[in-house]
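Hello,

Here is the structure you asked about. Please open it first, then read the notes below beside it.

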Amino acid sequence: MDAGGGRTEETVQTGTIVEGVLTMTRKRVASQTYTIENEGETAASLIIEHPRRSGWTLAVPSDVEERTASVYRLRTTVGAGETGELAVEETKMLTRRHQLLGTDRDQLLSYARTGALPDDVQDALEKAADLQQKVSRTKNQLSQARRDLDRLRSKQSRIRENMKAVEQSSDYYQRLLDKLSSTEDRIESLNERIATFEEERGERSDRLGRYLQDLTID
């Protein structure tokens with residue numbers, strides 16, 4: 001008798017959302033095939049002992065010769081000179097919970113595209129992904145604006161240092177003065193943009209948080 005390599009598959013069965021927590025119910029299926037060669041001249045009836053595992057339920061075969069604490073005893077018959085197979089399939093239900101607040105857009109969309117979820121759960125996840133994307137976009141804009149501000153401030157410092165070494169009556173000094181004025185105008189404009197982005201980020205984060213905090217679909 002040969003016990004072929006087993007395989008395990010897992011599929012989502014359904015899902016709910018309660019107060020911003022996605023609960024997904026998954027079904028895990030473990031399959032194992034036993035191959036029996038009967039080289040005799042008469043049919044053979046034999047018992048195969050398949051180990052029992054906590055939390056798993058035997059789905060195939062439906063008939064069990066005997067159950068013990070550690071094994072299933074499964075009867076099968078193989079004709080004379082024939083090779084027979086006995087397929088064994090076990091199932092296990094799993095529940096996994098995912099906190100949606102703080103989950104990035106791609107992961108939210110990955111959950112939403114799980115076809116086994118109810119439509120209203122998928123719709124809610126897609127909306128959460130859209131809100132999360134807006135938060136992320138504003139965060140990226142804010143980070144870029146802050147990097148630009150740092151570069152401008154460095155430029156401002158270099159110009160001021162150069163001005164110390166130049167005669168104030170020279171044309172070069174005037175050009176530096178013009179650059180400094182232009183740089184300071186850009187710094188002021190960036191500070192205003194950063195303040196806008198910070199306010200927008202807070203509003204969008206609050207909107208996402210309020211949406212997920214009370215989100216319940218069961």
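This is a predicted model: local features need pLDDT of at least 70, side-chain atom pairs count only at pLDDT 80 or more; totals for chains, interfaces and linings use all residues.

Two elements give two or more residues to the patch: α2 (119-164) and α3 (171-213). The most comes from α3, with three residues.

Take K179 as an example. K179 sits in helix α3. Its relative accessible area is 48%, so K179 is partly exposed. Patch residues need over 30% relative accessible area, and K179 has 48%.

**Nonpolar core**

Now look inside. The largest nonpolar core has 22 residues. Which residues have the most contacts inside it? They are I17, L22, L100 and L125. The elements that give two or more residues to this core are β2 (7-18), β3 (21-37), α1 (105-112), α2 and α3. The largest share is seven residues, and α2 supplies it. In soluble globular proteins, nonpolar side chains tend to be buried together.

**Salt bridges**

How many salt bridges does a search of the whole structure find? The count is 15. Here are some to look up.

- E9 pairs with R7 in a salt bridge, and their closest N and O atoms are 3.6 Å apart. E9 is partly exposed at 48% relative accessible area. R7 is exposed, at 52%. The cut-off for exposed is over 50%.
- E49 and R73 form a salt bridge, with the closest N and O atoms 2.8 Å apart. E49 is in strand β4 (residues 44-51) and R73 is in strand β7 (residues 71-78), so this pair ties together parts that are 24 residues apart in sequence. E49 is partly exposed, with a relative accessible area of 45%.
- E66 also forms a salt bridge with R73; here the closest N and O atoms are 3.2 Å apart. E66 is partly exposed, with a relative accessible area of 40%.

R73 therefore has E49 as a partner, and R73 also has E66. Is R73 buried, exposed or partly exposed? Its relative accessibility is 24%, so R73 counts as partly exposed. Buried would mean under 20%.

Last, find the network. Salt bridges link E10, R26, R28 and R96 in it.

Best wishes

How values were computed:
Residues are numbered from 1 along each chain as its sequence is written. Side-chain values use heavy atoms; hydrogens and water are left out. Helices (H or I, at least four residues) and strands (E, at least two) are DSSP runs, numbered from the N terminus. Buried means under 20% relative accessible area, exposed over 50%, partly exposed in between (1.4 Å probe, protein chains only). A nonpolar core is a set of buried Ala, Val, Leu, Ile, Met, Phe, Trp, Tyr and Cys residues joined through side-chain atoms within 4.5 Å. A salt bridge is a side-chain nitrogen of Lys or Arg within 4 Å of a carboxyl oxygen of Asp or Glu.
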